[in-house]
Amino acid sequence: MTALTLSTAAASGLRADAIVVGVAKGAASKSGGLVVAPGAEAVDKAYDGKLAAVLETLGASGGEGEVTKLPAPSGFKAPVVLAVGLGPVPEKDETYDAEALRRAAGAAARTLAGAKKAAFALPVEDSGDAGAIAEGALLGAYSFDAYKESAQDGKNGKAPLAEIALLGAKPRDKAFKAAVERAIAVTEELNRARDLVNTPPNDLTPEAFAAVASAAAKEHGIKVQVLDEKALVKGGFGGILGVGAGSEAPPRLVKLSYTSSKADKHLAFVGKGITYDSGGISLKPAGHNETMKCDMAGAAAVFAAVVAAARLGLKVNVTGWLALAENMPSGSATRPGDVLRMYSGKTVEVLNTDAEGRLVLADAIAKASEETPDAIVDVATLTGAMMLALGNRTFGIMANDDAFRTSIHEVAEEVGEPSWPMPLPSDLRKGMDSATADIANMGERMGGGLVAGLFLQEFVGEGITWAHLDIAGPAFNEGGASGYTPKGGTGSAVRTLVRLAERTADGDLG
Ligand code: BES
Ligand code: MN
Ligand code: ZN
């Protein structure tokens, strides 16, 4: 784990492997030149004020995420200066926005893998900027090499940047300290969610996931309850049991309860935790199952958010529900045509065993409803249809309350997670009518993401505000790393959930 401290040291005297500075694209009206961002004045001076000119000669443009390395000026203890692009220079009277800072810090930290220490001299106007840079850097430094023997002995692969000194911040200022401590807590838990998503499914079974969650919960004073397969039978969790029926690794339902004595609101977060989605008897074809270890990313996000809320001591009660099962085909697996009796008492005809996420979530949402929380938010890699609609970086938000859906969209925007509000058109409900049961687990093909949302809505307790985040697109990055987003598990929705809990604690939300 990368260590991060606030420092008042001068860049020139710092013993480090590199000094990170920001550069931006100047306004087109002013000949479009490269601009050295605030925070790097001393570094620029040491180059006789020619840093921008040198970088331009090297081909730098200041574009977002662009990284240029050059030898440090003479007299500097660090050998290298790394210039990272911040995108366009802010408008007059504005400062660099938080997401530009996060992405630049993330790209710089990722480029510096293998280094021991770097000093970041990026523009810091206030504690919010320091928090954004810390967050981006700690997320960008992430790498997953638990399964690479070559990385373990240091011969191949590079260890993450070990230490970051953040310059330009005020180490003794309360607000700065709090912002950085928050960034550390949130990113540590978010990176743990990434680890869980990246862990291969032969190791991360529902039981193993539940054990990781229990250990973390105990460490942070969170109450934890794990329902094993026997308890699930006893409780009547037909959805979770039906999905897990084909696997040698039995399902689990984990409840994490963080409570604050100063809380007057209660949020319930519910996560889809399919540790591997083969599709079941409705088996996925080759090309569609290689990345299906990511199908527990919703549960990982919920887990991370609850632990982060506890570490931050938020004045809100947060209950996390992890609906964990492995979806496998076997002689004991649920068949297309089977009817499941769900926890809520409703019956579901399973027409496609690959529409399994909604089955485990339905049980967990119905269970979560019994405590009548102020709101339920479920998070799930639920449908390929949502990826077709919104692409690989944007999650869809559905809700039974327009204001709540808007709030979540705003919160996601604030933390730098792209999202978009989606409708729940009631005319799609009839497509799920079943001749045999109360409802089928599949409906019309068109609008498949919304159909899944409508299915879940049926299991939300009466009068409870509910939102559904379909993170199938952004949860797992099959492309290259960019900004603070690595390949593989991304930790999608963690920061949105944490911010939602913070805003709820502050009374900013209904
Ligand atoms: N886990 C998948 C959705 C998914 C697909 C997530 C690709 C991430 C990447 C989900 O369980 C699924 O298989 N959904 C089906 C539903 C259909 C059978 C109604 C889908 O979207 O095709
Ligand atoms: Mn599936
Ligand atoms: Zn799935």
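Colleague: With buried area as the accessible area (1.4 Å probe) that two parts lose on being put together, summed over both, how much is buried between domain 1 and domain 2?

Modeller: About 770 Å², and carbon and sulfur atoms give 58% of that. In domain 1, the residues that lose the most area to domain 2 are Arg102, Arg110 and Leu139, which together make up 51% of what that side buries.

Colleague: What kind of model is this, and how is it numbered?

Modeller: It is a predicted model, in which local features need pLDDT of at least 70 and side-chain atom pairs count only at pLDDT 80 or more, while totals for chains, interfaces and linings use all residues. Residues are numbered from 1 along each chain as its sequence is written, chains are lettered from A and ligands numbered from 1 in the order in which they are written, and side-chain values use heavy atoms, with hydrogens and water left out.

Colleague: Where do the two domains run, and what distance separates their centres?

Modeller: Domain 1 covers 3-172 and domain 2 covers 222-505, with bounds from an automatic or database domain assignment. Taken over C-alpha atoms, their centres are 37 Å apart. Domain 1 brings 11 residues to the contact and domain 2 brings nine residues, where contact means heavy atoms within 4.5 Å.

Colleague: Changing topic, which residues coordinate the zinc ion (ligand 3)?

Modeller: Lys272 (NZ), Asp277 (OD), Asp295 (OD) and Glu356 (OE), at 2.0 to 2.4 Å. Donors here are N, O and S atoms within 2.8 Å of the metal (3.2 Å for Na, K and Ca), and with water not among the atoms, sites may look incomplete. Along the chain the spacing is K-x4-D-x17-D-x60-E.

Colleague: And what is the arrangement around zinc, octahedral or irregular?

Modeller: Octahedral, because the six donor atoms around the zinc ion (ligand 3) subtend angles of 79 to 175°. Six donors count as octahedral if opposite donors are over 155 degrees apart and all others between 65 and 115; four are tetrahedral if all angles lie between 85 and 135 degrees, or square planar by the rule used for six, and anything else is irregular.

Colleague: Where do Asp295 and Glu356 lie?

Modeller: Asp295 is in the loop between S10 and H10, and Glu356 is in the loop between strand S13 (347-349) and H11, so the pair ties together parts that are 61 residues apart in sequence. Helices (H or I, at least four residues) and strands (E, at least two) are DSSP runs, numbered from the N terminus. Asp295 and Glu356 are both buried, meaning under 20% relative accessible area, with exposed over 50% and partly exposed in between (1.4 Å probe, protein chains only).

Colleague: What are the protein donors of the manganese ion (ligand 2)?

Modeller: Asp277 (OD), Asp354 (O), Asp354 (OD) and Glu356 (OE), at 2.0 to 2.2 Å. The manganese ion (ligand 2) has six donor atoms with angles of 70 to 169°, and its site is irregular.

Colleague: Which residue bridges the two metals?

Modeller: Asp277 does, and the manganese ion (ligand 2) and the zinc ion (ligand 3) lie 3.1 Å apart. Asp277 lies in strand S10 and Asp354 in the loop between S13 and H11, so this pair ties together parts that are 77 residues apart in sequence.

Colleague: Are those two buried or partly exposed?

Modeller: Asp277 is buried, at 3% relative accessible area. Asp354 counts as partly exposed, at 22%.

Colleague: Where does UniProt place the active site?

Modeller: The unreviewed entry puts the feature "active site" at Lys284 and Arg358; UniProt positions are in the numbering used here, feature names are shortened, and annotations may be inferred rather than shown by experiment. Lys284 is in the loop between strand S10 (266-277) and helix H10 (297-312), and at 15% relative accessibility it counts as buried. Arg358 sits in helix H11 (residues 357-369) and is buried too, with 8%.

Colleague: What does Lys284 touch, leaving aside its neighbours within four places in sequence?

Modeller: Its contacts include the metal donors Asp277 and Asp354, and also Asn289 and Met292.

Colleague: Last one: what is phi at Ala493?

Modeller: Near 80°, a positive value in a residue other than glycine. Most residues other than glycine have a negative phi. Ala493 lies in the loop between strand S20 (488-489) and helix H15 (494-505) and counts as buried at 0% relative accessibility.
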